[in-house]
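Hi,

Here is the structure I promised to pass on. Have a look first, and my notes follow below.

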Amino acid sequence: MSYRPKYLGHVNIYVRNVEQSHTWYKDVLGLHTYDYMPGRAAFLSADIEQSHEVALIQVGDDAPLQQKGQVGLNHMAWMMHSLDDLKDMYQRLKEKHVAIDHVSDHGISVGIYFRDPDGNGIEVSYELPRSQWPLHERVFSGADRPRGLFPGPWEEHMAAPSRG
């Protein structure tokens with residue numbers, strides 16, 4: 001037996017209006033709905049072999065929105081199969097008029113960051129296969145990590161490289 005989990009099964013997100021959020025997650029991210037309870041909850045997944053990867057739970061229109069920098073979930077990350085798929089998602093976000101916060105080159109991956117209608121952080125990302133990682137330790141904080149392995153249409157949103 002192992003005490004280490006197999007994988008993260010799902011993220012449960014509070015939303016003000018489940019109808020609006022359900023529509024947004026289907027329309028923007030193309031997620032499949034496995035269950036939907038109007039006025040209560042929606043269960044969606046990108047991987048149709050999983051019952052759900054995200055659960056949207058309605059808390060009402062008067063619920064306070066998440067504030068930047070507060071303790072809690074920063075963002076959820078949805079992994080794309082290829083860099084070309086990430087480029088397609090970038091174009092989809094532009095077509096759907098989704099405001100992009102920034103795009104970050106992490107050396108072994110590139111991520112596009114944005115928010116859902118309730119301000120919950122979302123990243124769509126492509127990561128190199130592990131066999132292609134230029135570093136295998138300090139993969140995010142190494143000063144010598146390479147940059148520029150992920151050219152794409154997102155240059156206008158590319159965040160300046162962070163130090164450290």
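How many nonpolar, polar and charged residues does the lining of the largest pocket have? Before the answer, please keep in mind that this is a predicted model.

**The pocket**

The lining has 14 nonpolar residues, along with 4 polar and 3 charged ones. The largest pocket holds about 610 Å³ of space. It is lined by 21 residues, and those closest to its centre are Ala46, Glu53, Ala77, Trp78 and Met79. If you want to find the place by secondary structure, look for β5 (76–79) and α2 (83–95), as each of them supplies at least two lining residues. The largest share comes from β5, with 4 residues.

**Serine 45**

Next, have a look at serine 45, which sits in strand β3 (residues 41–45). Serine 45 has a relative accessibility of 1%, so it counts as buried. If you set aside residues up to four places away in sequence, serine 45 touches Leu31, His32, Tyr34, Gln50, His52 and Glu53.

**Serine 125**

Beyond its neighbours within four places in sequence, serine 125 is in contact with Trp78, Met79, Met80, Leu86, Ser109, Val110 and Gly111.

**The core**

As a rule, nonpolar side chains in soluble globular proteins tend to be buried together. Here, the largest nonpolar core has 35 residues. Tyr25, Leu29, Leu56, Leu93, Ile112, Phe114 and Val124 have the most contacts inside it. Take isoleucine 112 as an example: leaving out neighbours within four places in sequence, its contacts include Leu86, Tyr90, Leu93, Ile100, Val103, Ile122, Val124 and Trp154. Isoleucine 112 is also in contact with His102 and Glu123.

**Histidine 106**

You'll find histidine 106 in the loop between β6 (100–105) and β7 (109–115). Is histidine 106 buried or exposed? With a relative accessible area of 19%, it counts as buried, because the cut-off is under 20%. Histidine 106 is 39 residues from arginine 145 in sequence, yet the two are 8.3 Å apart in space, C-alpha to C-alpha.

Most residues other than glycine have a negative phi. Histidine 97, which is not a glycine, has a positive phi of about 60°. Histidine 97 is in the loop between α2 and β6, and it is exposed, with a relative accessible area of 73%. Arginine 138 also has a positive phi, of about 50°, without being a glycine. Arginine 138 lies in the segment after β8 (121–127), and its relative accessible area of 59% makes it exposed.

Happy browsing!

Definitions and conventions: Residues numbered from 1 in each chain as written. Predicted model: local features only at pLDDT ≥ 70, side-chain atom pairs only at ≥ 80, totals over all residues. Heavy atoms only, no water. Buried < 20%, exposed > 50% of the residue type's maximum accessible area, 1.4 Å probe, protein only. Contact = heavy atoms within 4.5 Å. 1 Å grid on protein atoms, 1.4 Å probe; cavity = no way out; pocket = protein on both sides within 12 Å on 5 of 7 lines; lining within 4 Å. Points joined across faces, edges and corners; volume = space filled by probe spheres on them. Nonpolar A, V, L, I, M, F, W, Y, C, P; charged D, E, K, R; others polar. Core = buried A, V, L, I, M, F, W, Y, C linked by side-chain atoms within 4.5 Å.
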